[in-house]
Amino acid sequence: MASPPHGRPRRAAPAPDSPAQDSPAQDSPELDSPELDSPGPDGWTLDSWSRHLGRRADPAALAARLTAGSLPEAVSAAAAAAPRRLALRIDDEDVTHGELDDAAGRGAAWLHGQGVRPGHRVLLAGAGSADFVRAYLAALRAGATVVPASPMLTAAELAALCEQAQVTMAFADHSSAGLLAGAASGLPVTRIGPHPGGGTGRPCGPALREVLSGQDPVPAGPADPDAPAILAYTSGTTGLPKGVPLTHANLLSSIRAAMLAWRWNGSDVLVHALPLTHQHGLGGVHATLLAGSRAVLCSRFEPARLARLAGQARATILFAVPAMYQRLTGLPRAGLAPLRGLRLAVSGSAPLDPALARRAGAALGQLPLERYGTTESGLGVSALYDGPRVAGSVGRPLPGVRLRIADPDGRPLPPGEPGEILLAGPQVFGGYLGPAGQAGQAFHPGGWFRTGDLGRIEPASGGVEITGRIKELIISGGFNVTPREVELVLEQHPAVSEAAVAGLPSARWGEEVAAWVVPVPGAAADPAGLIAHARARLAVYKCPKQVFLVDSLPRNSLGKVLRRTLRPPPVPG
């Protein structure tokens, strides 16, 4: 009989067979401290860290462990411990930890020969591939700052990104290289990944594997943990994308904290189909390389194929976004069987609807572990590995992360009171690229990053609930309405598959609440009936005044609903 879809899954974490440097030791004395039983203003935070770790945590020792070294140093040390172990299988290509380390050293030597120096910015554009990871590690070892670019960007978007980030050179797959050739004239481009048609077509710069031959590897020497490793860009769902410099210490502390909390070790096998140009997918690569473990990755998401590969690889961990769980739950029971052997299924990058969480829990045999973070703060909050897991809760601050629910002036609010989520700690960036004023607007005094997300601490469980975005608030007749609250009510209706809520201009109310609803296939969804359903469950000012039935909701590449793009459908005739 399957285990219930909540709490800890029945399968225990595997024992490490050859743990690397960053594998989380279960009894590390440096994390133990008998002095944290005393109450204080950070009692909830310290209690959260201890619950994640399964033991008391010394904040100073923990911070030192999370931020030590640089990515090139840590990854190279893990590779030295298990050079022949398979690191990545991406589509049909296998590569070991030792081979990646060798490619990183040779790539860094070539980049130095091309004039790339520490602090220079290198664009990395394309779908996930072994070459993508080789180029990424090479750029980091050369001391460069990597600028990830989605393969979905247009030529104009790539040109704007290159100009804004002031990149020195680029690694790009065939598709993105072709766009760059016309969009960023004069930018040196090195091709990565497979070439369609077996190498035919217009060449766009030399191929990575060609330039690596004949190079003497550069060792991973000491590097500044506070040097920028990645220049990421926000998704732009609430405005223009902003540059987010992330240091080696930011990235290492983010993934190391999650590895400790999730009991990640050298025997784990990760499976995912997330883009490597985003921190969710790239974070899985970081964990794999730091632990000396293995990952099976897909450059495209196909539910049946992902499940089949998970079974073949005896995967232990799944990374996915809610839109992927939606499609996975549509597989027949036999197709889902390989995923029921996972010890951990993680959901992130977008809110996981409680109803979908429960469906996924029933399908996988465990409730997905929700986690929360932002581009600027990395992995900040996670449900407890040892449970209990609660649908709709993203859990508690990960080790090293401080969290506060605050009023508009940054003052902390008590449990149960809604407010803005503020984060602090080594995972949090230091400020946006550009004028200093931007950085000042992003923080409250004391280094508290303003996430722009609304939430509350549930008094009974101590878990954090995400309730919406500040900039997505609808102000109707002087009352504030959080879209997510209305969406959750609409999604309780049996005829509703999913819903998105936004404000429309109103002469009477300033803004009025409107909903875009995707009906359940075959169900008779009626706008008037849905409005009545909402009125029975919400204050009248929160209820939609209009409901539009649509085939799908607009989303970005990671499944986030783009509420700001919602528009009423055109009137027929």
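Reply: Gladly, keeping in mind that this is a predicted model. A place to begin is the start of α2, where a side-chain oxygen of D58 comes to within 3.1 Å of the backbone nitrogen of A60.

Me: Which residues of helix α2 are buried?

Reply: Helix α2 spans residues 59-67, and its buried residues are L62, R65 and L66. Viewed down the axis of α2, these buried residues fall within an arc of 100°, so they line one face of the helix.

Me: And what covers the buried residues of α2?

Reply: The cover includes α1, residues 43-53, and α9, residues 248-261. Just after α2, in turn, G69 adopts a positive phi of about 75°.

Me: Switching topic, which residues have the most contacts inside the largest nonpolar core?

Reply: Those are Y136 and W262, in a core that has 118 residues. Helix α5, residues 130-141, gives the most to this core, contributing 9 residues.

Me: What does Y136 touch, leaving aside its neighbours within four places in sequence?

Reply: With those neighbours set aside, Y136 is in contact with L71, L124, V146, I230, L251, L282 and H286.

Me: Now the cysteines: how many disulfides does the structure hold?

Reply: The structure holds 0 disulfides.

Me: Are C162 and C298 buried or exposed?

Reply: C162 is buried, with a relative accessible area of 8%, and C298 also counts as buried, at 3% relative accessibility. Both values count as buried because the cut-off for that label is under 20% relative accessible area.

Terms used:
Residues are numbered from 1 along each chain as its sequence is written. This is a predicted model: local features need pLDDT of at least 70, side-chain atom pairs count only at pLDDT 80 or more; totals for chains, interfaces and linings use all residues. Side-chain values use heavy atoms; hydrogens and water are left out. A disulfide is a pair of cysteine sulfur atoms within 2.5 Å. Buried means under 20% relative accessible area, exposed over 50%, partly exposed in between (1.4 Å probe, protein chains only). Helices (H or I, at least four residues) and strands (E, at least two) are DSSP runs, numbered from the N terminus. The arc is that of the directions from the helix axis to the C-beta atoms. Contact means heavy atoms within 4.5 Å. A polar contact is a pair of N or O atoms within 3.5 Å; within protein, one must be able to donate a hydrogen and the other to accept it, and residues adjacent in sequence count only if both atoms are side-chain atoms. A nonpolar core is a set of buried Ala, Val, Leu, Ile, Met, Phe, Trp, Tyr and Cys residues joined through side-chain atoms within 4.5 Å.
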